[in-house]
Amino acid sequence: MHIPDGFISPQTYIPAIAISASLLALAYKKIELDAEKIPLVAGVSAISFVMMLIAIPFPGGTTMHLSGVAIISLLFGPWIAFGSISLVLLIQALLFGEGGITSYPINIIAMAFVGSFSSFWFYRFFSSRSKNIAIFMAGWSSIFFPAIIIAVVLGIQPLVASVDETPLYFPFGLSVTIPSVVIPHIFIAIIEGLVTLSSVKFLRTQFRSVFGE
């Protein structure tokens with residue numbers, strides 16, 4: 001899901017820089033974390049780091065990966081998840097080439113911000129019906145909605161940056177990116193939902209004192 005450098009036009013990533021910087025500044029003001037939870041946040045973020053590095057190939061040239069975003073969002077809140085996943089994505093871009101520098105703002109808006117808040121709100125919406133379904137849907141949404149954002153951003157590149165109808169950056173339109181990116185991620189989102197459900201229940205059980213339960 002990480003967009004590399006060279007795929008995104010300046011017309012897209014310059015506004016994304018402004019939006020992502022504003023969101024990070026807001027996260028800095030919003031985040032309040034007990035010292036007791038910091039080691040656990042770091043540990044879960046490290047697990048997320050590893051999960052994102054394992055790319056699963058899919059027919060058509062797409063690769064997929066789990067993210068662990070919903071686990072952090074449900075355990076510690078969406079702003080902490082946004083901040084920690086943004087840091088994870090920065091390290092991956094700088095040291096492992098997973099995602100580009102110019103596309104980093106778009107990657108954090110999609111995976112870190114949309115992933116964190118979609119999982120948080122999906123959990124809130126379904127929690128009155130069933131806690132297990134709510135956790136599963138939180139994990140599912142944390143993959144599905146970022147995939148839509150990535151597909152749309154890639155798909156509009158021929159529209160916003162072309163010369164004589166020749167795309168200067170990513171060459172394929174929405175008719176290609178929506179099915180090739182979104183459909184495979186529907187399936188990996190199901191796995192993410194199951195991983196989120198098992199991980200959240202396990203961590204809440206093993207660290208009851210940290211979560212005040």
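How far apart do the end C-alpha atoms of residues 135-156 lie? I get 32 Å, and the span is 95% helix and 0% strand. Helices here are DSSP runs of H or I with at least four residues, strands are E runs of at least two, and both are numbered from the N terminus.

Ground rules, for myself. This is a predicted model, where local features need pLDDT of at least 70, side-chain atom pairs count only at pLDDT 80 or more, and totals for chains, interfaces and linings use all residues. Residues are numbered from 1 along each chain as its sequence is written, and side-chain values use heavy atoms, with hydrogens and water left out.

I checked the record next. The unreviewed UniProt entry annotates "transmembrane region" for several stretches, including 101-123 and 135-156; such positions are given in the numbering used here, feature names are shortened, and annotations may be inferred rather than shown by experiment. For residues 101-123 I also find 32 Å between the end C-alpha atoms, with 87% helix and 0% strand.

Then I went looking at rings. Phe, Tyr and Trp (its six-membered ring) pair if the centres lie within 6.5 Å; planes under 30 degrees apart are stacked, over 60 edge-to-face, the rest tilted. By this rule I count 15 aromatic pairs. One of them is Phe-122 with Phe-126, tilted, at 5.9 Å centre to centre and 40 degrees between the planes. Both sit in helix H5 (residues 104-126), four residues apart, about one turn of the helix.

Buried or partly exposed? Phe-126 is buried because its relative accessibility is 17%, the cut-offs being under 20% for buried, over 50% for exposed and partly exposed in between (1.4 Å probe, protein chains only). Phe-122, at 21%, is partly exposed.

Phe-144 and Phe-145 have ring centres 5.3 Å apart and planes at 75 degrees, so I note this pair as edge-to-face. Phe-144 is buried at 16%, while Phe-145 is partly exposed at 28%. These rings belong to one aromatic cluster: Phe-122, Phe-125, Phe-126, Trp-140, Phe-144 and Phe-145.

Last stop, Gln-157. I find this residue in helix H7 (residues 157-160), and Gln-157 is buried, with 0% relative accessible area. Leaving aside neighbours within four places in sequence, Gln-157 is in contact (heavy atoms within 4.5 Å) with residues including Phe-7, Thr-12 and Phe-170. A polar atom of the Gln-157 side chain lies 2.7 Å from the backbone oxygen of Val-153.

How values were computed:
Polar contact = N/O pair within 3.5 Å; in protein donor to acceptor, adjacent residues only side chain to side chain.
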